[in-house]
Amino acid sequence: MSETINIAASPRPNGATGVLVLADGSLFWGKGIGASGDAVGEVVFNTGLTGYQEVLTDPSYAGQVITFCFPHVGNVGTNAEDIESMIPAARGCILRADVTDPANWRSAQHLEQWLASHNLIGLSGIDTRKLTRRIRDGGAPNGVIAHSPTGDFDLPALLAKAQGWPGLEGMDLARDVSCTQTYDWMQTRWALGQGFGTQHAPQHHVVAMDFGAKRNILRCLASAGCKVTVVPATATAEDILRHNPDGIFLSNGPGDPAATGTYAVPVIRQLVDSGIPLFGICLGHQLLALALGAKTYKMDKGHRGNNQPVKDLLTGRVEITSQNHGFAVDRSTLPAGVSETHVSLFDQSVEGIAVDGKPVFSVQYHPEASPGPQDAHYLFQRFVDNIVAHKNT
């Protein structure tokens, strides 16, 4: 607990209609935007220069308040195409400057209106450099963002809410963002002047376990020639194998992999033993590692942005990747027969693994997000090549 306990005595600056209250008593005053009210979560930062709508709708941000490091957020507006889920799972967002008016031909709605329509609270006018340094040096804190058009806040109550929130460690959030029923996905990637396409002649059938899957991952699988059957996070091995898949995909998602692993890991072990090619991304990567006998840990600040360098240890090639994760695989616990394939050049954390002699691999980053712009798209083809080779055996 910090020394700033007498939070009720903190004066509200003139014109402030929003506030961020951290669990240690720190206050960041600003202007409230979007929905009114308050929301509690883990406060993180994202270093990306673009893609704020994709970020806000990425299910992997469930339980988190996103601080955007780039100042000009809102300049491309919002639209119905640049979304990764229908209902945003993030708790809110924090900006340095006022929302920029849109100046893009694809814009359909102002970002501030879009935030309000999705009941998302935002704060602008925050010293995001100071907040980012706070997260960088001290780890991602729990906090409450609040927006009151009248500027009235019960600061002690907000502080108690921030301090009472248990945090993401030990929290299973995949159930909250996963689909509840099985469905088929055939939509392919977006193209300028054409929009999204449809996979009319799939050559392979992939079953995807939805722990919070981003839509563009499913589009990339469809564009690679796959019909995708999406099943809930709680699906059993029998539920999955009865679809007679050519490949199995483990999606991204939020929360602590160890918590989600209580029900997902036994299933993934059976899927690995089936011999069917398997590919995991982000949370799916962490769950695969747990299923193979490794362990995961919570990072102090995590990786969030679309400018993260990763080295492919098989080729020596460096990829610029998009990432969003606060947990990682513990290298020292990787068992015999499991090789590390990719490593972060920021902090040397594990970014990819593969099972020796089996068509099973995963990566921590997001190859579908095109930050390089296509540095990591080869991974989808690698998965398909594994499927083809398995079919021919």
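Tutor: Two strands pair if DSSP finds at least two bridges between them. Strands (E, at least two residues) and helices (H or I, at least four) are DSSP runs, numbered from the N terminus. This is a predicted model, where local features need pLDDT of at least 70, side-chain atom pairs count only at pLDDT 80 or more, and totals for chains, interfaces and linings use all residues. Residues are numbered from 1 along each chain as its sequence is written, and side-chain values use heavy atoms, with hydrogens and water left out.

Student: What makes strand 17 and strand 18 a pair?

Tutor: Strand 17 (residues 338-344) and strand 18 (residues 350-355) share five bridges, in the antiparallel sense. The rule asks for at least two, so they pair. Within this pair, Glu 340 stands opposite Ile 353 in strand 18.

Student: Which sheet is it, and what is the strand order?

Tutor: An open sheet of ten strands, ordered 8-12-11-13-14-19-18-17-15-16. The pairing is mixed.

Student: Why do strand 8 and strand 16 stand at the edges?

Tutor: Strand 8 (183-185) and strand 16 (318-329) have a single partner strand each, so one side of each lacks a neighbour in the sheet. On average, neighbouring strands here are turned by 25 degrees against each other, direction ignored.

Student: How do you know that helix 6 packs on the sheet?

Tutor: By contact, meaning heavy atoms within 4.5 Å. Helix 6 (residues 215-223) touches strands 8, 11 (204-210), 12 (226-232), 13 (247-250) and 14 (278-281). The direction of helix 6 makes about 145 degrees with that of strand 12. (Axes are lines fitted to C-alpha atoms, for helices over the stretch in contact; angles run from 0 to 180 degrees between N-to-C directions.)

Student: What order do the strands of the barrel take?

Tutor: Seven strands close into it in the order 1-2-6-5-4-3-7, with mixed pairing. Neighbouring strands are turned by 35 degrees on average, direction ignored.

Student: Are strand 4 and strand 5 parallel or antiparallel?

Tutor: Strand 4 (residues 64-68) and strand 5 (residues 92-94) pair in the parallel sense over three bridges. Thr 67 stands opposite Ile 94 in strand 5.

Student: Which strands does helix 3 touch?

Tutor: Helix 3 packs on this sheet and touches strand 1, strand 2, strand 3 (37-46), strand 4 and strand 5. The direction of helix 3 makes about 75 degrees with that of strand 3.

Student: Why do Asp 24 and Arg 134 count as a salt bridge?

Tutor: A salt bridge needs a side-chain nitrogen of Lys or Arg within 4 Å of a carboxyl oxygen of Asp or Glu. Here the N to O distance is 3.3 Å, so the pair qualifies. Asp 24 lies in the loop between strand 1 (18-22) and strand 2 (27-34), and Arg 134 in helix 3 (residues 128-138), 110 residues apart. The whole structure holds 13 salt bridges.

Student: What makes a space a cavity, and what a pocket?

Tutor: On a 1 Å grid over the protein atoms alone, a 1.4 Å probe fits in a cavity but cannot get out; a pocket is an open set with protein on both sides within 12 Å along at least five of seven lines. Lining residues have an atom within 4 Å of a point.

Student: How many cavities of 30 Å³ or more are there?

Tutor: One. Strand 16 gives the largest share, four residues.

Student: What is the volume of the largest pocket?

Tutor: About 1,000 Å³. It has 41 lining residues; Thr 50, Gly 51, Glu 54, Asp 82 and Ala 369 are closest to its centre. Helix 1 gives the most, with four residues.

Conventions: Points joined across faces, edges and corners; volume = space filled by probe spheres on them.
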